[in-house]
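Here is a short briefing to read alongside the model. Please take a look at the sequence and structure first, and then we can walk through it together.

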Amino acid sequence: MYNAFFGFDENPFSLSPDPAFLYRSQQHEEALANLIYGVQSRKGFIVLTGEVGTGKTTMLECLRDYLDAQRIEFAFVFNSRLTPKQFFELVAYDLDLRCDRTSKTEVLIALNDLLLQQAHQGRTTVLIVDEAHNLDWEVLEEIRMLGNLENRRGKLIQIVLAGQPELDRKLDAPNLRQLKQRIVLRFSIEPFTEEQTTEYITSRLAKAGLPEQAVFTGDVLSEIHLRSQGIPRVINAMCDNLLLTAFAMETRIATVEMLDEVCLDMRLEWPGARRVRGRGRSTGEYEDVSTYTPGD
Ligand SMILES: Nc1ncnc2c1ncn2[C@@H]1O[C@H](COP(=O)(O)OP(=O)(O)OP(=O)(O)O)[C@@H](O)[C@H]1O
Ligand SMILES: [Mg+2]
């Protein structure tokens, strides 16, 4: 809506996990390098965790691009609230297995054939499961067994599990001891530091067509970091609303007052919120807006 007004080619703060807008923070860079290394090394399970909205799916989308470019076969399971039967059906569908996809036995036979055929050509195959913290124990157990498939040169299928921090806790459960032992890489994505938040916003604006941005001043950038707690999805929502507010007021410069309004509308809560809000109000009173916390 405001793109033409600010001179953007496209929306700089869309909420989709689009690799075209990737900001390579050190940890995102490391996460991607780990994912690629883990897949190439053919050792088995890789686990990526991070709080809500920190960029896990974005990393998986980057991995998907890499696998596509390398012509490595993969299945991407993004809906993790599945029964074992639905799980096998999805895997069969994604890998285009020619069999009765509703029969677990047939899927396993066809999958094994594909894995061996790929291995014969010197290629590996990858299973990516997003939102893996939601997986049922039964499905996790099936995934563990898929991880057992190997030939003498290594595992036939590399398995990437990504999810919220509950996933780490789930994998520590005694009944998943065997799966835990097979995890070769386990790493997490943390929220941005203040410097990274600024670089992130600047990078997204540049990618959208504004290389020398003057919309967000230093003060506003600091406040965005404080209030978003460095979580990319919250930063995007804040910046998008802020641009919309500035556009409505016909100005190309965002202010902290506009940000106050945006945070109120988003019902956002952040450390020190009461102090900051109280400061601007003549009565010193504070409206309780404690319903939205970054990371929820
Ligand atoms: N390094 C990054 N570069 C560019 N955009 C990013 C980056 N990290 C996160 N984002 C953006 O932040 C938003 C949330 O990212 P994403 O959906 O990947 O988070 P998530 O960790 O998968 O969240 P959830 O836990 O809800 O699944 C998206 O709009 C995404 O584009
Ligand atoms: Mg996600």
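Strand S1 and strand S7 (residues 183–189) pair in the parallel sense, over 6 bridges; two strands count as paired if DSSP finds at least two bridges between them. This is a predicted model, in which local features need pLDDT of at least 70 and side-chain atom pairs count only at pLDDT 80 or more, while totals for chains, interfaces and linings use all residues. Residues are numbered from 1 along each chain as its sequence is written, and chains are lettered from A and ligands numbered from 1 in the order in which they are written.

**Strand S1 and its neighbours**

- Within the pairing with S7, Val47 has Arg186 as its bridge partner.
- S1 is also joined to strand S6 (residues 157–163) by 5 bridges, and these two run parallel.
- In S6, Gly163 is the residue opposite Thr49.
- Strand S1 (residues 45–50) has 6 of its 6 residues buried, so it is largely enclosed by the rest of the structure.
- Buried here means that 20 or more other C-beta atoms lie within 10 Å of the residue's own, with C-beta atoms placed from the backbone.
- Phe45, Val47 and Thr49 cover one side of S1, and Ile46, Leu48 and Gly50 the other; all are buried.
- Strands (E, at least two residues) and helices (H or I, at least four) are DSSP runs, numbered from the N terminus.

**Around ligand 1**

- Which residues come nearest to ligand 1? Of the 21 around it, they are Gly55, Lys56, Thr57, Thr58 and Pro232, where a residue is near if its C-beta atom, placed from the backbone, lies within 6 Å.
- Helix H3 (56–70) and helix H11 (232–248) are the elements that give two or more residues to this shell.
- The shell holds 7 nonpolar, 11 polar and 3 charged residues; Ala, Val, Leu, Ile, Met, Phe, Trp, Tyr, Cys and Pro count as nonpolar, Asp, Glu, Lys and Arg as charged, and the others, Gly among them, as polar.
- Domain 1 (3–9 + 192–280) and domain 2 (26–189) each supply at least three residues to the shell, with bounds from an automatic or database domain assignment.

**Helix H11**

- H11 has 17 residues and reaches 24 Å from its first C-alpha to its last, close to the 24 Å expected at 1.5 Å a residue, taken as 1.5 Å times one less than the number of residues.
- Its buried residues include Pro232, Ile235 and Leu242.
- Just after H11, Glu250 takes a positive phi of about 55°.

Key
Buried ≥ 20, exposed ≤ 12 C-beta atoms within 10 Å, placed from the backbone.
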